[in-house]
Amino acid sequence: MRWSQLHIPTLREDPADADAASHRLLLRAGFIRQLMAGHYCLLPLGVRVRAKVMAVIREEMNRIGAQEFLLPCMQPAWIWEKSGRLSVMGEEMFRLRDRKDAEVVLGMTHEEIFAFLGLELSSYRQLPQSWYQFQTKFRDEPRPKSGLLRVREFTMKDSYSFDADEAGLDASFEAHRAAYQRIFARLGIPAIAVEASSGNMGGSDSIEFMCPSPVGEDRVATCPACGYAANLEKATSALAAVEDPPAGDAPAAPRRLDTPGVRTIEDLAVGYGLAADRQIKTLVQVIDGKLTLVLLRGDHPLSDQKLIDATGALSIRPAQPEEIKAALGALPGSLGAVGVSGYRIIADLALRGRRGMATGANTDDVHLTGVDVDRDIRVDQWADLREVTPGEPCPKCGTALEFLQAIEVGHIFKLGRKYTTALGVTVAGPDGGPIVPIMGSYGIGVERVMAAIAEVHHDDAGLAWPAQVAPAEVTVVVISQRDEQVRAAAQAIYGSLLEAGVDALIDDRDVRPGVKYADAELTGIPLRVSVGSRDLADGVVEVTRRRTGEKERVRVDRVVPRLRELLAAG
RNA sequence: CGGGAUGUGGCGCAGCUUGGUGAGCGCGCCUGCUUUGGGAGCAGGAGGCCGCGGGUUCGAAUCCCGCCAUCCCGACCA
């Protein structure tokens, strides 16, 4: 393509509303334009990168035997009703009515629809199946942000596996895991696979592929020694045991302690010498409309996601002080679970077997000491609820955990039979009886991947795409546009590149060379060939590598093979 | 949904406090001439419902009220 005819509206100045590097540069280099919050137009260069990202993903999906589909993004509400997710998805799902007043929705994902197609599977002998598509997803995010990183409308490569049994699912899952590793490696994304929560998808084993970046919205705990890595929503750590007083020394029942004015763990620790790790923190949460007591060690923060995962809740929120007062008789600051009945009590594992603890007495300004958790509190459910903090020991090897910010670029998880059951998918098993296939679900956000690549591969001059996904591999810069010989030589090189199968552009604009150099760098094209009268007199052109800035003079008749060499070398 | 900020030619901004004079600056764009190996110079020119609606006033980009939009922080989020 001729640059002079392409719509590449580069901006000399930084856009005002772009913060993240990918957002700023994709806008400035003319890849994207915003239509409204969370909805972006892809311009020609953006479309090219997107197509190349998709091509890489498609190749690797096909390589593991997955088959490409294309399903509607507009879907009947009833199918979501059937899976039970119409209400679960809440406000995040776009809903509308057609002219017949039928309820339809814009798909946030496609488990239901692929399961619907799975109804035509009839025998276990047809399994396994892996089905995928690239399709627009719509999610009414409360806060779209950071350009392509968090949007309301985006392309997802989503795939779904159907297997006859768990062992089959394990194999499909592993195939996808391996495919994802290859995909991100080829895309130039230093993704790390981390254990994750499966959120409201339902499912068990859940692995997120994370691209470390300061603009990432997820926090990941990693172990520098053994490679343990988990999303903070899931991460655990090995805790040193807290020494409680020997059983014999403990009082037979909790003792009342008047604590006027004490409202916080800190107050109690400082004022009464009751260390935070010897306190029970009592939080009151409203879980799906029901008041619930959540207990943690005094120095431990609650992970909302872990609470959701542990309870299967659709929604949780902290209770209001009035609700708490009405239920327990005291305000936050003096709450406890001793002797409480009629409300569900969920306790963190770190409280198990603890004795001699301090907690609120459910009377304002009064606490209890000498609390024996097993003896004094009727715990309904034990769960891992606490959020780990940096420096805590790795659960696998004990080394201090490190935290990093990351962009979630992919997510794979085992769905189980939730959707096949909901939609009534069965196949005949070896004995002739019905089998409900078990599913896996695997997603990659295409535009988010583009943004992640941009986050990882850029410098002060602009983007620096890996050749595999660059909008073009080479740009031929015509330095002296008015010089007939130069134009002809550049045109010849450009033609030879196309013939050789190189994805090349020719910058034939009638502008000064500096403008062309700057745009070549801003748009991040990996290789630049500068054709000017000075070098041409010696029969050479200049080849510049975007990443390193390395320049070399190459004889005109050697330039195509040299460029192919550089591209092959990566 | 809470907190903060911003809306002025395509882009980036000033003007608003203290209402009035031609709505201005840089970049970009168009024409001409010169220029051409790192974002050219000179001359001429086009382009603005000052986010929208209402109000105050002789007079509103400017003051007041309402709304909308966008961005940032938080909540939220496969």
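I took buried to mean under 20% relative accessible area, exposed over 50%, and partly exposed in between, with a 1.4 Å probe and protein chains only. This is a predicted model, in which local features need pLDDT of at least 70 and side-chain atom pairs count only at pLDDT 80 or more, while totals for chains, interfaces and linings use all residues. Residues are numbered from 1 along each chain as its sequence is written, chains are lettered from A and ligands numbered from 1 in the order in which they are written, and side-chain values use heavy atoms, leaving out hydrogens and water.

Entry: aromatic rings. I counted rings of Phe, Tyr and Trp (its six-membered ring) as a pair if their centres lie within 6.5 Å, with planes under 30 degrees apart stacked, over 60 edge-to-face and the rest tilted. Searching the whole structure, I found 12 aromatic pairs. One of them joins Phe69 and Phe114 edge-to-face, at 5.3 Å centre to centre and 70 degrees between the planes. Because Phe69 lies in strand β3 (residues 67–69) and Phe114 in helix α5 (residues 111–118), the pair ties together parts that are 45 residues apart in sequence; I took helices (H or I, at least four residues) and strands (E, at least two) as DSSP runs, numbered from the N terminus. Phe69 is partly exposed at 22% relative accessible area, whereas Phe114 is buried at 0%.

I then looked up Tyr180 and Phe184, which pair edge-to-face at 6.0 Å centre to centre with 85 degrees between the planes. Both residues lie in helix α6 (residues 166–186), 4 residues apart or about one turn of the helix, and both are buried. I also noted that Phe69, Phe114, Trp131, Tyr160 and Phe162 form one aromatic cluster.

Entry: helix packing. Which angle do α1 and α12 make? Helix α1 (residues 21–28) and helix α12 (residues 446–456) pack at about 100 degrees, with their axes 8 Å apart; axes are lines fitted to C-alpha atoms, for helices over the stretch in contact, and angles run from 0 to 180 degrees between N-to-C directions. The contact (heavy atoms within 4.5 Å) is made by Ala21, Ser22 and Leu26 of α1 and by Ala451, Ala454 and Glu455 of α12.

Entry: backbone. The peptide bond from Leu127 to Pro128 is cis, with omega near 0 degrees, and Pro128 is found in the loop between α5 and β7 (129–138). Asp101, although not a glycine, has a positive phi of about 70 degrees.
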